[in-house]
Amino acid sequence: MSEASRLREDICRIAKSMFDRGLTCGASGNISARLSDGTLLMTPTGSSMGFLDPARISHLDADLRLLSGDPPTKEIPLHSAFYDTRAQTGAVVHLHSTHSVALSMLPDTDADNMLPALTPYAIMRLGKVKLLPFFLPGDAGMGQAVRGLAGKRSAVVLANHGPVVAGKDLWAASHSIEELEETAKLALMTRGMGAVGLSDPQIAAVVRTFDIDW
Ligand SMILES: [Zn+2]
């Protein structure tokens, strides 16, 4: 199987798995992945992640012109912002996942580091997660906000909207966005209960041991 065929299959499998587990609903969420020739595969506009057809995935050249398949997601600026600012990006996943969105709306959520340090895994996979402001759907400001981070963050959450995570490949980006959503869920579940998260020395040890950009 060619690289492109395998990646098309993986996008559809991973998207369906996320949809089936309620990580994004309806026609929300989108995925892109970069092929070794620099072209991109992207989920089509208006498509549901639970019902993608590998043959209809959008194939775009490096300048985001459609080569084949259905037209790509309208949230393409979110994806291109990561590819353009983080050279190591091989895939980007965006979800409208409930717990991340809920956490984005709480007034005492830290916009520079929105996940409390509850487990080492979110730190290892995501570094600090940046909470970006609310943008109207289709507002080009979304992509510009990601570009404004100058490639320093692999994971952001758009307030009242959802997370966007870049990874070195499709599996890495998928695992990372799931870690983000699960940590947001833990944060909400334990909110106000006096949960004992990681201490500053424990956080520092995780960052040092696993060489995390923090
Ligand atoms: Zn969205």
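At what angle do helix α1 and helix α6 pack, and how far apart are their axes? I found an angle of about 10° between α1 (residues 3-20) and α6 (residues 170-190), with the axes 11 Å apart. That makes α1 roughly parallel to α6 (under 35 degrees; over 145 would be roughly antiparallel, 65 to 115 roughly perpendicular, the rest oblique).

I noted that the model is predicted, that local features need pLDDT of at least 70 and side-chain atom pairs 80 or more, and that totals for chains, interfaces and linings use all residues. Residues are numbered from 1 along each chain as its sequence is written, and side-chain values use heavy atoms, with hydrogens and water left out.

Next I listed the contacts (heavy atoms within 4.5 Å). From α1, Leu-7, Asp-10, Ile-11, Arg-13, Ile-14 and Met-18 meet Leu-170, Trp-171, Ser-174, Ile-177 and Glu-178 of α6.

His-96 sits in the loop between β5 (91-94) and α3 (98-104), and His-161 in the loop between β7 (155-158) and β8 (162-167), so the pair ties together parts 65 residues apart in sequence.

Last, I checked accessibility. His-96 is partly exposed at 29% relative accessible area, whereas His-161 is buried at 13% (buried is under 20%, exposed over 50%, partly exposed in between, with a 1.4 Å probe and protein chains only).

Key
Axes are lines fitted to C-alpha atoms, for helices over the stretch in contact, and angles run from 0 to 180 degrees between N-to-C directions. Helices (H or I, at least four residues) and strands (E, at least two) are DSSP runs, numbered from the N terminus.
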